[in-house]
Amino acid sequence: MLPPSAHSHAPLVEALLRTAPTIRAPFFFPGHKMGAATPAILRRTTPLLRPGGGVERLLRYDVPELAQLGELLSDEGPVWEAERLAASAFGARRTWFLINGSTAGVLAATLACVQIWRQARAAAGGEDAPLVLLPRNAHKSAVHALITSGAEPSWLVPEVHASMPEEPEPVATPLPKTSASSTPRT
């Protein structure tokens, strides 16, 4: 654990604040080019994207993994230092940041857990497929992870929050029925 004083700065944010203003020609993704190439229709129709709306300033800092920010797999630099601080804040031995959204995290966590389970079962002489408990309303990335890992699901009935109606309200106007042959193909 790091001392609380170590958590008084944000190394990745600080590096981003130093780096972004120095970029003159952003020949990298994302395609909005740090806000400069945000489509005009979005600027007109989205209040936060209008001049003075604030988001154009935020988009200036939406950059990929640049050398000045550190690398995700490196043991030095702002990313590594931020991961160290995050691990300390979480009480973990190590924390890794991920890219590609939560789907990547769900896949990585599921694949890692299934692999550990398989190694333990192999050492014990077992060969059965790993079983993963999932609620029926799990995100599709969890189902993707099951398929990719070869694990089998054990479906759980999710709890319904007290504020949710027990029965969904009927649709006022049902959608017209169509057959597969009448569905236009694109």
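Predicted model: local features only at pLDDT ≥ 70, side-chain atom pairs only at ≥ 80, totals over all residues.
Local features are taken only where pLDDT is at least 70 and side-chain atom pairs at pLDDT 80 or more, while totals for chains, interfaces and linings use all residues. Residues count from 1 along each chain as its sequence is written, and side-chain values use heavy atoms, leaving out hydrogens and water.

**View 1. Helix H4, from residue 78 to residue 90.** Helices here are DSSP runs of H or I with at least four residues, numbered from the N terminus. H4 has 13 residues and reaches 18 Å from its first C-alpha to its last, close to the 18 Å expected at 1.5 Å a residue (the expected span is 1.5 Å times one less than the number of residues). Just after H4 comes Gly-91, with a positive phi of about 75°.

**View 2. The buried side of the story for H4.** Buried means under 20% relative accessible area, exposed over 50%, and partly exposed in between, using a 1.4 Å probe and protein chains only. Among the buried residues of H4 are Pro-78, Val-79, Ala-82 and Leu-85. The buried residues of this helix pack against helix H1 (11-19).

**View 3. Arg-94 and its salt bridges to Asp-75 and Glu-83.** A salt bridge puts a side-chain nitrogen of Lys or Arg within 4 Å of a carboxyl oxygen of Asp or Glu. For Arg-94 and Asp-75, the closest N and O atoms are 4.0 Å apart; for Arg-94 and Glu-83, they are 3.5 Å apart. Arg-94 sits in the loop between H4 and H5 and Glu-83 in helix H4, so this pair ties together parts eleven residues apart in sequence. Glu-83 is buried at 2%, Arg-94 is partly exposed at 34%, and Asp-75 is exposed at 55%.

Technical notes
Helix = DSSP H or I, 4+ residues; strand = E, 2+ residues; numbered from the N terminus. Contact = heavy atoms within 4.5 Å.
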